[in-house]
Amino acid sequence: FLNVMNTEYVDELQRIAIEESPDGIPLIFARDVIHGFKTIFPIPLGLAASWNEDLIRKTSEVAAFEASSMGIRWTFAPMLDISRDSRWGRIAESPGEDPYLASILSKAYIEGFQGNDLSDPTKLAACAKHYLAYGAAIGGRDYNTVNISEPLLRNIYLPPFKAAIESNVATVMTSFNEINGIPSTANQYLLKDVLREEMKFNGFTVSDWNSTIEMINHGFAKDEKHVAELSAMAGLDMEMTSKSYENYIKKLIKEGKLTENQIDVLVKNILGIKFKLGLFENPYR
């Protein structure tokens, strides 16, 4: 669930999930806790300008402590997009232009949010976003097209995500953009070959807000059913806000375009993080 801020709703929704759903699987509540929760700190670009990793670790600790008291256990941060075009509209949330600095800060953010033990009820699962090269869109046009060479992708845009995975980040969010013609959300090379096999990521992946169905706008998917097939085949574990998985995965399995085993892998990745968060043992605030 996203942005549920009424603690009575949080408690009741979790009670329904635990006591009334078929399998009693606890919910995870999420929010964009980016530069503070109740205590507001400078924007990420401002924090990055300090070059102070201890400061960033502390601000993330405070944000996690405050947000978790409301039942939030997952934040859509840190944003690790290298930004070198001043026309792009999300520079404020970025660590800036330098992959070395961004990699150092990536580690600090995740250590602050997650601590040493995700099951600590005052900690949040972090989310490295937006994977990948979101800040490299042509002309700074958000959600748009990225045409990029492999060396540039690996030497500039990938290092902060590599640092995040080495810091045991719990989740990774795919970006809105397409990379060399293939949207990140259905990019098997990036999600399977690079993220899982090469970098050994063992958390779960989540789409950005409606980024699955926006593949139709990119001309990559013909309809929502095709969206679900492409995303699941690429290894996207969770779909945010849009409902292509909900509406079409069963049909795709019946048609033989997806298998139950493929879906089991996606589910296992999500459940693994819920277990690490201690939600099965202690689901409530």
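Colleague: At roughly what angle do the axes of helix α4 (residues 99-114) and helix α6 (residues 159-166) cross?

Modeller: This is a predicted model, in which local features need pLDDT of at least 70, side-chain atom pairs count only at pLDDT 80 or more, and totals for chains, interfaces and linings use all residues. Residues are numbered from 1 along each chain as its sequence is written, and side-chain values use heavy atoms, with hydrogens and water left out. Axes are lines fitted to C-alpha atoms, for helices over the stretch in contact, and angles run from 0 to 180 degrees between N-to-C directions. The axes of α4 and α6 come within 8 Å, and the crossing angle is roughly 25 degrees.

Colleague: How are α4 and α6 oriented to each other?

Modeller: Helices (H or I, at least four residues) and strands (E, at least two) are DSSP runs, numbered from the N terminus. Angles under 35 degrees count as roughly parallel, over 145 as roughly antiparallel, 65 to 115 as roughly perpendicular and the rest as oblique. The two axes cross at roughly 25 degrees. α4 and α6 are therefore roughly parallel.

Colleague: In which hand of crossing does α4 pass α6?

Modeller: A crossing is left-handed if the near helix is turned anticlockwise from the far one by less than a right angle, and right-handed if clockwise. For α4 passing α6, the crossing is right-handed.

Colleague: Which residues in α6 does α4 meet?

Modeller: Contact means heavy atoms within 4.5 Å. From α4, the residues taking part are P99, A102, S103, S106 and I110. Their counterparts in α6 are P159, P160, A163 and A164.

Colleague: By class, how many residues in the contact of α4 with α6 are nonpolar?

Modeller: Ala, Val, Leu, Ile, Met, Phe, Trp, Tyr, Cys and Pro count as nonpolar, Asp, Glu, Lys and Arg as charged, and the others, Gly among them, as polar. The contact of α4 with α6 has no charged residues and 2 polar ones. Its nonpolar residues number 7.

Colleague: In what order do the strands of the open parallel sheet stand?

Modeller: Two strands pair if DSSP finds at least two bridges between them. Strand β3 (residues 127-131) is joined to strand β5 (residues 171-174) by 3 bridges, and β5 pairs with β8 over 3 bridges. Both pairings are parallel, and the order is β3-β5-β8.

Colleague: Which are the edge strands there, each pairing on one side only?

Modeller: In the order β3-β5-β8, the twist averages 25 degrees from one strand to the next. The strands that pair on one side only are β3 and β8 (204-206).

Colleague: Which residue in β5 does Y131 stand opposite?

Modeller: β3 and β5 run parallel. C127 has T171 as its bridge partner in β5. Y131 stands opposite T174.

Colleague: Are the residues on both faces of β5 buried or exposed?

Modeller: Buried means under 20% relative accessible area, exposed over 50%, and partly exposed in between (1.4 Å probe, protein chains only). One face of β5 carries T171 and M173, the other V172 and T174. M173 stands opposite V206 in β8. The four β5 residues T171, M173, V172 and T174 are all buried.

Colleague: Near what omega is the cis peptide bond from Y131 to L132?

Modeller: L132 lies in the loop between β3 and β4. Another cis peptide bond runs from A77 to P78, with omega near 10 degrees, and P78 is placed in the loop between β2 (72-75) and α4. For Y131 to L132, omega is near 15 degrees.

Colleague: Is N168 buried or exposed?

Modeller: N168 lies in the loop between α6 and β5. Phi of N168 is near 65 degrees, a positive value in a residue other than glycine. With a relative accessible area of 59%, N168 is exposed.
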